[in-house]
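This briefing is meant to be read beside the sequence and the structure.

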Amino acid sequence: MKISIILHELGHAIGLYHEHSRPDRDEYVIVHEHNIQKNRSQEFDKIPPGQYVNYSKPYDYLSIMHYGKRFFAEHSDGLTLETKDASYADLIGDAKILSFYDVMIVNAMYNCSGNCQHKICPERGFLTDSCVCFCPSPKNETWITCPGESCQTPVIDTIVYTVYNEDLTDTYVEEELSGIEFPNGSVLRVEDNRCSSNVDRFRNYTCKDGRWLSSLNECKKEVCRLPFELEPNLTLFDLREGTYISDTTQGDIKNGSSLEFHCKSVGETYYEPNRRVFECDTGSWVVKLKQGEE
Ligand SMILES: [Zn+2]
């Protein structure tokens, strides 16, 4: 059985009527009685106005509860429902998922936002049970969080920081963070891996009015972080220790260290290509010309 049919029948079970049975449906669709199968005309009856509460919902051609243009037609090419707005002629009865207004009316019928005191959504938006405002998407086919209601993924350097959910039970890897919308009130906990003290390692990113607010944390930074992968023809040389940094030793580099890039060529021969050194200064890399060079 198709998901859309299951959603439609569940819609009935929780109290939804057929959209084309609304008392005001004649303003939006024309019912062609003569094309309807015998004894099936009751499928197109209108609900008496006194029995119908519309919760300020506009007529919705895209509702999962709307019949298609040939439903219950006597002949396969007969038209039983014609939309007055011709652009919806082939869209009625073809919904695959709940429409924006399907979700809106169910939220209203069940007072899902009853606990969201004093919160008002932008025009056409509605409140969900988690007090997030949902708005129609530009194409009207489904719903999105209203502008200003959520934050885009913050730009966070995942080499330096580890990003956790609010209760620190899960981390986000970089790919997981991209493209997520975080509703207002979301909290990310961001760990600065350069900090020496465990107490100050975390700062909170809180989504408020569509923007991230971050708490300050001025920890003492004792190390710089290295990218995990270098280009295959490069290696790093630690001038202070006098050693090359290998895959196994790389990681956190202590303050005061000076590194330089070396090109790797045949055998053990290296040379300094660009005469720059990278100094770790309280957690940040500072680029300098090598001493004695110009
Ligand atoms: Zn039905």
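Cysteine 131 lies in the loop that joins β3 (126–127) to β4 (133–136). The model is a predicted one.

**Positive phi angles**

- Cysteine 131 has a phi near 65 degrees, which is a positive value in a residue other than glycine.
- The relative accessible area of cysteine 131 is 25%, so this residue is partly exposed, because partly exposed covers the range between the buried limit of under 20% and the exposed limit of over 50%.
- Tyrosine 55 also is not a glycine, yet its phi is positive, at about 50 degrees.
- The place of tyrosine 55 is the loop between β1 (29–31) and β2.
- With 35% relative accessibility, tyrosine 55 counts as partly exposed.

**A buried serine**

- Serine 99 belongs to the loop between β2 (81–83) and α2 (100–109).
- Is serine 99 buried or exposed? Its relative accessibility is 2%, and therefore serine 99 counts as buried.
- The side chain of serine 99 has a polar contact, at 2.6 Å, with the side chain of aspartate 60.

**Salt bridges**

- Side chains of opposite charge can pair when their charged atoms come close.
- How many salt bridges are counted in the model? The count comes to 15 salt bridges.
- One of the pairs is aspartate 26 with arginine 25, whose closest N and O atoms are 2.8 Å apart.
- In this pair, aspartate 26 is partly exposed at 36% relative accessibility, whereas arginine 25 is buried at 6%.
- Arginine 194 is joined to aspartate 192 by a salt bridge, with 3.0 Å between the closest N and O atoms.
- Both arginine 194 and aspartate 192 are buried.
- Lysine 208 and aspartate 209 form a further salt bridge, in which the closest N and O atoms are 3.6 Å apart.
- Lysine 208 counts as partly exposed, as its relative accessibility is 47%, while aspartate 209 counts as exposed at 57%.
- Which residues are linked in a network of salt bridges? Such a network links Glu19, Arg22, Asp24 and Lys57.

**Surface patches**

- A nonpolar patch on the surface consists of Met1, Ile3, Ile5, Ile6 and Leu10.
- Together, the residues of this nonpolar patch have about 530 Å² of accessible area.
- Isoleucine 3, one of the residues in the nonpolar patch, is part of helix α1 (residues 3–13).
- The relative accessible area of isoleucine 3 is 57%, so isoleucine 3 is exposed, because exposed means over 50%.

Note on methods. Residues are numbered from 1 along each chain as its sequence is written. This is a predicted model: local features need pLDDT of at least 70, side-chain atom pairs count only at pLDDT 80 or more; totals for chains, interfaces and linings use all residues. Side-chain values use heavy atoms; hydrogens and water are left out. Helices (H or I, at least four residues) and strands (E, at least two) are DSSP runs, numbered from the N terminus. Buried means under 20% relative accessible area, exposed over 50%, partly exposed in between (1.4 Å probe, protein chains only). A polar contact is a pair of N or O atoms within 3.5 Å; within protein, one must be able to donate a hydrogen and the other to accept it, and residues adjacent in sequence count only if both atoms are side-chain atoms. A salt bridge is a side-chain nitrogen of Lys or Arg within 4 Å of a carboxyl oxygen of Asp or Glu. Patches are made of residues with over 30% relative accessible area and no salt bridge: like charges are joined within 9 Å, nonpolar side chains (Val, Leu, Ile, Met, Phe, Trp, Tyr) within 5 Å. Accessible areas come from the Shrake-Rupley method with a 1.4 Å probe; for residues, only the protein chains shown count as cover.
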